[in-house]
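This briefing goes through one protein chain, topic by topic. Please look over the sequence and the model before reading the points below.

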Amino acid sequence: MTCNKNVGISASSLHTKLLKNVFLPMISGLNEWNSSEINIDERKKMQGENFTIWSIFFLEGFSQYPRLEVVLFIFSLVMYLTTLLGNSTLILITILDSRLKTPMYLFLGNLSFMDICYTSASIPTLLVNLLSSQKTIIFSGCAVQMYLSLAMGSTECVLLAVMAYDRYVAICNPLRYFIIMNRRVCAQMAMVSWMMGCLTALLETSFALQIPLCGNLIDHFTCEILAVLKLACASSLLMDMIMLVVSILLLPIPMLLICISYIFILSTIPRISSVEGRNKAFSTCGAHLTVVILYYGAALSMYLKPSSSNSQKIDKIISLLYGVLTPMLNPIIYSLRNKEVKDAMKKLLGKIPLHQTHGCL
């Protein structure tokens, strides 16, 4: 009996030690590791789907200001239609007019096409949601919207640097301009711009959409990547590193190249002998520089500003202005002081049979 009792006591003490020193720490560690998964599993049961992403998102947009939504709808609609008309016209005249078959207008046509794609990715959804009580977007629509916005914005960053280099060659090396900037080189530079923008956008979008989200209410009027990442259950070091590398690749580096190009340009323009040549250089460079300031000003104010309680409201206002105002102004800026574009526009309008219009009246 004593032996059995001692064996029972030792077994009991061994069991207690194992429970206290091995299993309890293991269970607590598993609980901590799975703490972020509990809410996701609950959402799986609520949705009845076997994945950790939401099938539908709610866009908060400007729902906090219902009286402002009608005004924003009219403003966005007018700006969007003007953007489509202006950029489509600019693309058309660069294709039809033989005098505009130069590298600058090739890049300008690409820029106009990007502006059409960028606005068409987000503004139609915004217009529908401004007049709808249910401001929703499905997962696939959110993914496409995020990708197109990132791709067009990233491509424009690179293309603006390419256009600055084009202006540098045209002004600083005018005799060798068409040798350096031949059709093959221009096509390659445009292709590299598109590839860099699309690939970096694909990388960011694919990683962003794999992160588990602890909600489906996006505090924005589009599926903007920063607004979506704010719903993440936990911060992702890999995603943060990707965003940092892409931001450095597409913001400071192109800006540095643009600044270097314009340092040489501004030092060369005063040495141009003819007044007409100086005026033409100032007009083309002034238009490009205005677009650069508008674009990078909006981008830097969104991604490099300090966070605050009102940061999301400011983000939405800046995104709206950038999404509808900047693409609308680009063709106006490039055609306002550009005699070649004005002449091509007059030539295009002169081909329209006005008698058909009068006949309709």
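**The chain as a whole**

Among contacts (heavy atoms within 4.5 Å) in the protein chain between residues at least 6 apart in sequence, 79% join residues at least 24 apart. The structure is a predicted model, in which local features need pLDDT of at least 70 and side-chain atom pairs count only at pLDDT 80 or more, while totals for chains, interfaces and linings use all residues. Residues are numbered from 1 along each chain as its sequence is written, and side-chain values use heavy atoms, with hydrogens and water left out.

- The protein chain has 14 helices and three strands; these are DSSP runs numbered from the N terminus, with helices being H or I of at least four residues and strands being E of at least two.
- The protein chain has 361 residues, and 40% of them count as buried. Buried means under 20% relative accessible area, exposed means over 50%, and partly exposed lies in between (1.4 Å probe, protein chains only).
- Accessible areas come from the Shrake-Rupley method with a 1.4 Å probe, and for residues only the protein chains shown count as cover.

**Salt bridges**

- Side chains of opposite charge can pair when their charged atoms come close. A salt bridge is a side-chain nitrogen of Lys or Arg within 4 Å of a carboxyl oxygen of Asp or Glu.
- Three salt bridges turn up in a search of the whole structure.
- One of them joins Lys135 and Glu69, with the closest N and O atoms 3.1 Å apart. This pair links distant parts of the chain, 66 residues apart: Lys135 is in the loop between α4 (103-130) and β2 (136-138), and Glu69 is in helix α3 (residues 66-96). Both Lys135 and Glu69 are buried.
- Arg99 pairs with Asp97, and their closest N and O atoms are 3.2 Å apart. Arg99 is partly exposed because its relative accessible area is 44%, whereas Asp97 counts as buried at 4% relative accessibility.
- Asp166 forms a salt bridge with Arg167, the closest N and O atoms lying 3.1 Å apart. Asp166 and Arg167 are both buried.

**Helix α3 against helix α13**

- The axes of α3 and helix α13 (residues 339-350) come within 10 Å and cross at roughly 90 degrees. The two helices are therefore roughly perpendicular.
- Axes are lines fitted to C-alpha atoms, for helices over the stretch in contact, and angles run from 0 to 180 degrees between N-to-C directions. Angles of 65 to 115 degrees count as roughly perpendicular, under 35 as roughly parallel, over 145 as roughly antiparallel and the rest as oblique.
- From α3, Thr89, Leu90, Leu92, Ile93 and Leu96 meet Val341, Ala344, Met345 and Leu348 of α13.

**A nonpolar surface patch**

- Leu237, Met241, Leu244, Ile248, Leu249, Ile253, Leu256, Leu257, Ile260 and Phe264 make a nonpolar surface patch of about 920 Å². The elements giving two or more residues to this patch are α9 (237-250) and α10 (252-268).
- Patches are made of residues with over 30% relative accessible area and no salt bridge; like charges are joined within 9 Å, and nonpolar side chains (Val, Leu, Ile, Met, Phe, Trp, Tyr) within 5 Å.
- Phe264 is in helix α10 and counts as partly exposed because its relative accessibility is 43%.

**Around Ala121**

- Ala121 is in helix α4 and counts as buried, at 11% relative accessibility.
- Leaving out residues up to four places away in sequence, Ala121 touches Gln145, Leu148 and Ser149.
- Ala121 and Val144 are 23 residues apart in sequence and 7.9 Å apart in space, C-alpha to C-alpha.
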